[in-house]
Amino acid sequence: MLSSCREKAVPNTEQATAKAAASGAPCGGLTLPAGFCATVFADSVGHARHIVVAPNGDVYVNTWSGSYYPDSSPLPGGFLVALRDANRDGRADVVRRFGATGAGGGHGGTGIALYHGALYAEEGGAIVRYPLGAAGLDPQEGGGPPDTVVAGMPVDGDHPMHPFAIDSSGALFVDMGSATNACQAKNRVAGSPGFLPCTERGTRAGIWAYDANKAGQLFGPTQRYATGIRNAVGIAIAPNGSLWATQHGRDQLAENWPKLFTPRQGQELPAEELLLVEDGGDYGWPECYYDGVQRKLILAPEYGGDGKKEGTCTQRLKPAAYFPAHWAPDGLLFYTGAMFPERYRGGAFIAFHGSWNRAPGPQGGYRVVFVPFAKNLPATPDQYETFADGFAGAQMQPDRAAHRPVGLAQGPDGALYITDDRGGRVWRVTYTGPR
């Protein structure tokens, strides 16, 4: 059962939230399962990407700017945003910006994490570490300047962002998205063949591993952990310590290869993916894409494929779960809290940023879904539940949507936080229904 939650001016208190969730009354503008409700924790913070919540409840958001957004001018202050709910009414009343600014040509970033009392953040082609002071909120007030943990990461091409995750030992896993759509001789040009071998994979299209405890590390090909992953914007450590990532599937099968794929097939292929990332694993890009109808990896047309041939793709690793094409999975979180019902514990939430290229059909995504897990794997590879919807509003288009979900984080009380890089909003989702 779903309850529609539409925003109106109501007191932002736990009591009001509980009443709204129970009655299906307006809450946060989102549609959620019965018993859940969303409140607006912060608004207009910039192009909010990934998010983390400290043990004391302070919230940190990385924001991004640049040509990707129609409004590319960064807000005054740094790209990193610190948020504190000092009076505990469910909304941030202290907002601080810090870190790199746009004055020096910076564009901010996506990745952000907390580890051993420090805040780690992507800033352009580097990952930096801000020690958190005793007061906690603004690292630059008492913690001093940041250390550079990793420098020299590539920032050109189609996918310049660097989301990352840190496990309990300090292993730092960083996404290096591909520079191209399918490693063609001419990127995104109809009929252009793919490079074989694809030399781009030496420095892109994979996960790289570093040590979060060390400063001064430099990007290079030797730190590659896994390959064949076109763009892993969602990346997270599961409760059992395993590494997971989402994969954005390739674009333009029908547009670039109209003799092999119909417009409808271009709309529905390839599937988006959830990957269990193994050390040394090869997940197939650019030679392979995952077909959710045939339920197997298929040889790409740039490498001689016809929509049916598997070729060398039988030797590549398949996804653990898959989703509709072009939805753009940008956030990944394993839920471990006690606030939500037991069935959510250990499962994965995925934020789908939303498609731009599902023509001739309507665009899709623009929602947060839940994937139940059983024995540390998705319970059913092809099934998911829409958890939060209504972000886009009346127009589900990338340049017209009201909001586009990106980042996910869990608070110390078990609340779920969701960011939006279209309107700069941060939601806090709570549960007050029956157990």
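The structure is a predicted model, in which local features need pLDDT of at least 70 and side-chain atom pairs count only at pLDDT 80 or more, while totals for chains, interfaces and linings use all residues. Residues are numbered from 1 along each chain as its sequence is written, and side-chain values use heavy atoms, with hydrogens and water left out.

The protein chain contains 4 helices and 31 strands, taken as DSSP runs numbered from the N terminus (helices: H or I, at least four residues; strands: E, at least two). Along the principal axes, the C-alpha atoms fill a box of roughly 60 × 50 × 45 Å. Of the 435 residues, 57% count as buried (under 20% relative accessible area, with a 1.4 Å probe and protein chains only). Among contacts (heavy atoms within 4.5 Å) with a separation of 6 or more, 59% join residues 24 or more positions apart.

Glutamine 247 lies in strand S18, which spans residues 243-247. Its relative accessible area is 4%, so glutamine 247 is buried. When residues up to four places away in sequence are not counted, glutamine 247 touches Gly228, Ile229, Arg230, Asn231, Glu272, Glu273, Leu275, Trp285 and Pro329.

Terms used:
Buried < 20%, exposed > 50% of the residue type's maximum accessible area, 1.4 Å probe, protein only.
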